[in-house]
Structure formats: C-alpha cells, structure tokens
Amino acid sequence: REGFGDFIGALSAWGYWICTSIGSVSYLVVAFAGLGMFIDSESFTLFGDGTSFASILCASIIVWLIHILIAKGIKEAAYVNLIATIVKVLPLILFIACAIWAFSPQQFMHDFSGERLNLPLLEQIKSTMLITLWVFVGVEGASVLSAHAKNKRDVGIATLLGILITLILYVAITALSLGVLPRETIALMPNPSMAGLMAHMVGTSGQILITFCLIVSVLASYMSWTMFSTEIMFQASKTKVFPQLLSKENENKTPISSLWLTNIVIQIILLVVFFTGKGYSVLIQLSTAMILVPYFLVGGYLIKIAFKEQAAKDGITITEEKYTNDDKDFKAILTKVKGQNPQAIFIPDYYNTIGLIISQAKDLGITAQYFGGDGWDGIQTNFGAVAEGAIFASQFSPEDKAENVQKFMKDYQAKFNKEPI
C-alpha cells in the first residue's frame, strides 16, 4: 500500500491472505496422504492421497481443534510449534547423515546433464521453480508475527537464519538423494519421497520414522500458517485495508474475528478439495503462483525505497502527495507542492484526472516538467493544450498508422536496418 496506493495494497493483502489459506490446506492434505501409507493397502483405501472423505473429515476436525488452541493465545500456540519444529528437524538431520553414508558419486553423476529428460536446461529450471519457491514461502512470516516478539531486533536475525537453514537443508536433501537412487526412481515415489529413500537406506523403520515426523511437521506447519494467515488479516484490518471488524481480539489477545474467518475459508477450501479431488501438488502450485504477485509488489516497493535513498545521496529531494479517486479539487495538495518549488512532477494516473491536476497546477503558477505512464494515453486529444510539453511512456505498436509512429519506424529501419521491437 505504501508503494502503490490503497487499491493495489488491498488487492495484494487479500491475495496474500487467500494464498496462505490455500497453503494451510495443502499441509493437511499431505499429512493424511502420509498417514495413508500406514493404514491403506491395495485392497483398502481410507486416506488415499489426502482428498478422500475420511481425510477431509479428519482434517476438518484438526482445523477446529487448532482453532481452539490458537484462540487460547498466540504465544501458547508458538510453544507447541517450537516443540514440533524440533521433532521435524531432527529426522531431516538423520536423513542427511544416512544419505551421506549411502551416497554414491557414480550414481550422483548418472545423467548429470539431464539428457534423458529431453528438455533444455532452462526448461528444467522453470519446471522446478514453483516447487523450489514453495520451500521458502512463508519465511517472511517472522516479520508478520513480529508484533508478538519480545525483542523486535530478533526478527531480522530469525528471518535470515530461517532462510539459510532452510536453504542448507533443502540443497543437502535434494543433492544427496540423487546420489542414493536414480532421479527416475525418486520421481515415481509417492509423497513423501524421503520415506521411500529412507526405506531403501535403512529399511522399513526409517520409512516409518520419516512418515511419522512428516505428519508432525506438516501439522505444526499448518498451525504456523493458520497463525500467519490470521495475523495478516488482523494487521491489515488495523490499517483499514480489511474491515475493522476483523481487528477484534479476545481476552487472550488473539485476533479472534480474523481467526474465525480464516478457518471458515480453510474449511471451504477443504470441501473444494474433496469435490474436485485436487491434491497436494495442485494446491502448492496454486498457492505459490498466487504469492508471486505480492512478492513482486514488495520487490517494486524496495526498488522505490532504494531509488529515493540514492536520489537523496545525489542531492535530489523526492516527496509524495496522495489523493483519492473521488477528488476533483487538487489545489490544496498543489499549493503544498508549489511551496517546494519542484523541478519535475510524476503523476501515475489516467488522463482525465491528470488533465484536471495539470490545469489546476498551471493556474497556481507551477512550471515544473510533467511525467507520466501509459495511463496518460488520450491526454493529447482531451487536454492537449494544457499538457503541452509533458512527457509520458506508453505502449508501442508498429501497426499504428499515426504519422509520428510511421516516421519513427522509417527512421529506425534506416539507421539500424531492422524493425523496432
């Protein structure tokens, strides 16, 4: 919102919240898919791939049990999550140790270039990008939940350590696995493939251990993500991006209204999963793809901050003024702008509003250079006289019959001997 305004901020917050809700459901689905490895057989299927009736029923019960736990207090739930984190990290370390012991350099180098996949390297990278990103989705949760930290300075350290530890574990498990069994064999294993690898290395006991810890892990992750989703809605409601009703807390300082709405949405998504039969892979792809938009906007905002800081170092002062979609009289804002004697004014809006702003600015005697984006397209015919001398960037089409476009085409071809892109 700070970077791109209230509307984009609201859409980003809603999308981010829904994305984390979908991600929460994916944990429940894979947990019961893992449980099915213990209970299901060739002649009897109870949990299946985590989308069966029994899976959704049990997952729904867990949703509301964890709802009760979180409602008793965020900090109390965090202690439970800490214990679960220890339980899930230790087996990962055990797996890495076993994989180092069973590692075969010859197996690791088998089809190292991936020729048997018949895919270019770039395509191989693209096919794994969403799954790789999923591993790191939510690591920013430390900053979202930072309001509950005793020491706010610990949040940055926790985020950095979280990324580094996750990266080390992810790379170690992925790379070492390829030195234990061929890629083709691992690809055919059901989730969790680590369980199949442990069964190969140490027998059934290893498979049972990994599967058990996976169930503990994903249920703990589900609780973390529910807290995460609830906090997103709660913080957004305090800044009026979400309805203020969602900022209500109970006696335990838990944002209870946000928690209720989050879990109702999670329950609805579980029902959708049951009726569509879409499992873990589809859910994480959907969640990861959705979260790219907020990540992109955050990246854009950071570029904006960096640009302003660099401008300040170069002796350039950048200030911002905001207005609403309903505003028609901009003289109060423009009077403040005039007092700063600006050399340039950038207005990222549409031509009908820009025409009003520039007209009123010139009435006040502001003589700055005006700049804009593609929303300005049309100002030439509607406010041409007022906007004379302004500069804006817009889309280009070589098929445009406008005289200046065709002249540019000819001049470009004459100079570079090719058509502009």
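**Group meeting: a walk through a predicted model**

Okay, let's start with the sheet: three strands form an open sheet in the order 1-2-3, and the pairing is parallel. Strand 1 and strand 3 (391-392) are the edge strands, so to speak, as each pairs on one side only. A word on terms: helices (H or I, at least four residues) and strands (E, at least two) are DSSP runs, numbered from the N terminus. Two strands pair if DSSP finds at least two bridges between them. In general, strands of a sheet pair through backbone hydrogen bonds, either parallel or antiparallel. Here, strand 2 (residues 369-372) and strand 3 pair in the parallel sense over two bridges. If you want to find one on screen, look for Gly372, whose bridge partner in strand 3 is Phe392.

Before going on, some ground rules. This is a predicted model, where local features need pLDDT of at least 70 and side-chain atom pairs count only at pLDDT 80 or more, while totals for chains, interfaces and linings use all residues. Residues are numbered from 1 along each chain as its sequence is written, and side-chain values use heavy atoms, with hydrogens and water left out.

What is pLDDT, you ask? It's the predictor's confidence in each residue, from 0 to 100. For the protein chain the mean pLDDT is 84, and 94% of its residues reach 70 or more. Which elements have the lowest and the highest mean pLDDT? The lowest is helix 6 (residues 141-144) with 59, and the highest is strand 1 (residues 344-346) with 94.

Next, the surface. Phe4, Phe7, Ile8, Leu11, Val298, Tyr301, Leu302 and Ile305 form a nonpolar patch there, and together they have about 720 Å² of accessible area. Helix 1 (6-39) and helix 12 (280-313) are the elements that give two or more residues to the patch. Which helix gives the most? That's helix 12, with four residues. On the definition: patches are made of residues with over 30% relative accessible area and no salt bridge, with like charges joined within 9 Å and nonpolar side chains (Val, Leu, Ile, Met, Phe, Trp, Tyr) within 5 Å. The accessible areas come from the Shrake-Rupley method with a 1.4 Å probe, and for residues only the protein chains shown count as cover.

Take Ile8, which lies in helix 1. Its relative accessible area is 32%, so Ile8 is partly exposed. The labels go like this: buried is under 20% relative accessible area, exposed is over 50%, and partly exposed is in between (1.4 Å probe, protein chains only).

Ser237 has a relative accessible area of 0%, so it is buried. What does Ser237 touch? Not counting residues up to four places away in sequence, Ser237 touches Phe242, Pro243, Gln244, Leu246 and Ser247. Contact here means heavy atoms within 4.5 Å.

Now, salt bridges. Side chains of opposite charge can pair when their charged atoms come close. The rule is a side-chain nitrogen of Lys or Arg within 4 Å of a carboxyl oxygen of Asp or Glu. How many salt bridges does that give? The count comes to five.

One of them joins Glu320 and Lys308, whose closest N and O atoms are 3.0 Å apart. Glu320 lies in the loop between helix 12 and helix 13 and Lys308 in helix 12, so this pair ties together parts that are twelve residues apart in sequence. Lys304, Lys308 and Glu320 are also linked in a network of salt bridges.

Then there's Lys336 with Glu321, at 3.4 Å between the closest N and O atoms. Lys336 lies in helix 13 (331-339), and Glu321 lies in the loop between helix 12 and helix 13, so the pair ties together parts 15 residues apart in sequence.

Asp411 and Lys407 make a salt bridge too, with closest N and O atoms 2.9 Å apart. Both lie in helix 16, four residues apart, about one turn of the helix. Asp411 is partly exposed at 41%, whereas Lys407 is exposed at 52%.

Last topic: backbone angles. Most residues other than glycine have a negative phi. Asn341 has a positive phi of about 50° although it is not a glycine. Asn341 sits in the loop between helix 13 and strand 1, and it is exposed at 63%. Asn417 isn't a glycine either, and its phi is positive at about 60°. You'll find Asn417 in the segment after helix 16 (403-416), exposed at 72% relative accessibility.
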